[in-house]
Amino acid sequence: MLIQSEFDIQFHLPGETPMVALLHLHPSLDAALRSSDDLVVEHIDANHTTSILPENYTDSFGNRCARFHAPAGALRLTGNTILEAPETPDPQPFGAEQHQVEDLPSEVLQFLLASRYCEVDRFSAIASDLFGNLPPGGERAMAIRDWVNWKVRFDYAKARPTKTAMDVYTEREGVCRDFQHLAITLTRAMNMPARYVTGQLGDIRIPFSGAGDFSAWYQVWLGGRWWDMDARHNTPRLGRILMATGRDAADVAITTSFGQANLTHFYVESNEIDSSGARIPLPPRLVEQVPSHVPPQRPVNALVTQSE
């Protein structure tokens, strides 16, 4: 199937600001691309629009990044890609082997260690008490994912950039990235490498769920490969589009500004299309789940960081 993804993110910059963006698709998807994967950066003022040419590079995790220096004023970042994706939901790691640490590839060892949002050293006893009696491998990994999904409540209002896995474990509420940080930390504490993923996960062949956003999930190394896991949605999905991987959300911020950058507009969409480029309609909701008087929430899952 074909999936079209697009975004339009705008900022107001009080002054000249260097920035880094991780808005390209992951290099591993190059063979599946059916369009270009360009990041358009524009400075907009009252009289005209000026294009800014980003410099692309690959970071230490293998992600495709863009850096640029933006003048003060309005800044717009846009992109539009078409990708051919498999028509099968996320495979599940039933029976997948958990490797001994000494047998792991060297490049995945870093995903056993503590990182900014994942305090693995504080979870050794907790993880052992909760999951130590389960067989190692895929069953244990899925049990961790299920437990986080059951125990943590999703709430946009509870998002904050400093929330760590221990905060999520204590408070039991948060947004997508918080679910994944807790699951990653518990997984690493049981000696299974786990890495954070940012990407796009639209409403593909499921009823409309609300305004689009970038999404977060995680991957676990079992049986010699990475498996997609999602402690927030916790159901096999179609149409995950990988953008970047890292130790946690700090490594894969959608944008990082080295100075003040005020977000003024945020639009992200990912939809299945037919061969002519027309959107394929979504199935209807069977039951209305959100009261009509509840106002829509602005997406906040994409991490936008600012460094001064």
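**Figure 1. Secondary structure of residues 168-233 in the predicted model.** Over residues 168-233, 27% of the chain is helix and 36% is strand, where helices (H or I, at least four residues) and strands (E, at least two) are DSSP runs numbered from the N terminus. The end C-alpha atoms of this stretch are 16 Å apart. An unreviewed UniProt entry lists residues 168-233 as "domain: Transglutaminase-like"; UniProt positions follow the numbering used here, feature names are shortened, and annotations may be inferred rather than shown by experiment. The structure is a predicted model, in which local features need pLDDT of at least 70 and side-chain atom pairs count only at pLDDT 80 or more, while totals for chains, interfaces and linings use all residues. Residues are numbered from 1 along each chain as its sequence is written, and side-chain values use heavy atoms, with hydrogens and water left out.

**Figure 2. The largest nonpolar core.** A nonpolar core is a set of buried Ala, Val, Leu, Ile, Met, Phe, Trp, Tyr and Cys residues joined through side-chain atoms within 4.5 Å. Buried means under 20% relative accessible area, exposed means over 50%, and partly exposed lies in between (1.4 Å probe, protein chains only). The largest core has 42 residues, of which Phe123, Val148, Leu182, Leu186, Tyr218 and Val220 touch the most other members. At least two residues each are supplied by several elements, including helix H1 (124-131), helix H2 (138-151), helix H4 (176-189) and strand E11 (214-222). H4 gives the largest share, 7 residues. Because domain 1 (2-86 + 256-273) and domain 2 (101-252) both contribute residues, this core lies between them; the domain bounds come from an automatic or database domain assignment.

**Figure 3. Surroundings of Leu182.** With residues up to four places away in sequence not counted, Leu182 touches Phe123, Trp147, Val148, Val152, Ala165, Val168 and Tyr169. Contact here means heavy atoms within 4.5 Å.

**Figure 4. The sheet of four strands.** In this open sheet, 4 strands follow the order E12-E11-E10-E13 with antiparallel pairing; two strands pair if DSSP finds at least two bridges between them. E12 and strand E13 (240-246) stand at the edges with a single partner strand each, so one side of each has no neighbour in the sheet. From one strand to the next, the twist averages 40 degrees. Helix H2 packs on the sheet, touching E11 and E12, and its direction makes about 155 degrees with that of E11. Axes are lines fitted to C-alpha atoms, for helices over the stretch in contact, and angles run from 0 to 180 degrees between N-to-C directions. E10 and E11 run antiparallel and are joined by 7 bridges. Tyr196 stands opposite Tyr218 in E11.

**Figure 5. The sheet of five strands.** The order in this open sheet of 5 strands is E4-E3-E7-E1-E15, and the pairing is antiparallel. Strand E4 (49-52) and strand E15 (262-273) are at the edges, each with a single partner strand, so one side of each is left without a neighbour in the sheet. Strand E1 (residues 2-13) pairs with strand E7 (residues 73-84) over 12 bridges in the antiparallel sense. Gln4 stands opposite Ile82 in E7.

**Figure 6. Two loop residues with positive phi.** Asn191, in the loop between H4 and E10, has a positive phi of about 65 degrees although it is not a glycine. Asn191 is partly exposed, with a relative accessible area of 41%. Arg205 lies in the loop between E10 and E11, and its phi is near 60 degrees, a positive value in a residue other than glycine. Arg205 is partly exposed, at a relative accessible area of 39%.
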